[in-house]
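Hello,

Here is the structure I promised to pass on to you. Please have a look at it first, and then read my notes below.

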Amino acid sequence: MNHKENDLVSPGEILCTYEEYIPSEWTYVEDGYIKASINGRIVIDNEEKTISLSTINPPSSLKVGNHVIGHITEVKQNKALVTIKMIKGLNRELIMGYKGFIHISKANNEFISSLHDMFKIGDIVEAKVLNIYGSEYIDLSTSDEDTGVIKAMCVNCRKFMKLDNDKLVCECGKVDSRNISSNYGGF
Ligand SMILES: [Zn+2]
């Protein structure tokens, strides 16, 4: 245990190891540790063996149908992984600890054979929450027109690219394409 009950903690701080308590509200598990996902005070329930955080002004928790903003951390042929940073439209603090994925069948309405041309690591996406199986297992969709990549990171120089008609153009000269949202650049 790195902290005691009632301690104030901030996002990303280690609370305890995964073996000590069951992670509950506003916590998440990373590298075997339970960490804080918001600013709050530690609450321990010794009967239920849970650790959670209490906060005066909690960020809204994620719900099915929410639009979220996050960045792409990994792209596989069938699945793109997203670290979720915030819920769109809610002017609250950033949320942490939520991770989701976009399955190839939910990426776009058209038939696609691979996600490698749709998303690149570092891209910022807006996606709709379809299902929540756990804080690190959230099913996301980018098939609506106003979802998809809202900032594309250049694979050459890692700057964000500008949208020029249907093409993404970088100041380094790279031209590329993505599964672009109609809100491109609007974040
Ligand atoms: Zn570039």
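The protein falls into two parts, domain 1 (8–54) and domain 2 (67–153). Please keep in mind that this is a predicted model. If you take the C-alpha centres of domain 1 and domain 2, you will find them 26 Å apart. Where the domains meet, 5 residues of domain 1 are in contact with 5 residues of domain 2. On the domain 1 side of that meeting point, 3 residues are nonpolar and 2 are polar, with no charged residues there.

Next, a hairpin to look at. Strand E4 (residues 27–30) is paired with strand E5 (residues 33–36) through 4 bridges, and the pairing is antiparallel. Within this pair, Tyr28 has Lys35 of E5 opposite it. There are 2 residues between the strands of the E4 and E5 hairpin, and Asp31 has a positive phi near 50° in this hairpin.

Three strands form an open sheet in the order E14-E15-E16, and their pairing is antiparallel. Strand E14 (162–164) and strand E16 (175–176) are the edges, each pairing on one side only. Strand E15 (residues 167–169) is antiparallel to E16 and is joined to it by 2 bridges.

Best wishes

Terms used: Residues numbered from 1 in each chain as written. Predicted model: local features only at pLDDT ≥ 70, side-chain atom pairs only at ≥ 80, totals over all residues. Domains from an automatic or database assignment. Contact = placed C-beta atoms within 7 Å. Nonpolar A, V, L, I, M, F, W, Y, C, P; charged D, E, K, R; others polar. Pairing = 2+ DSSP bridges.
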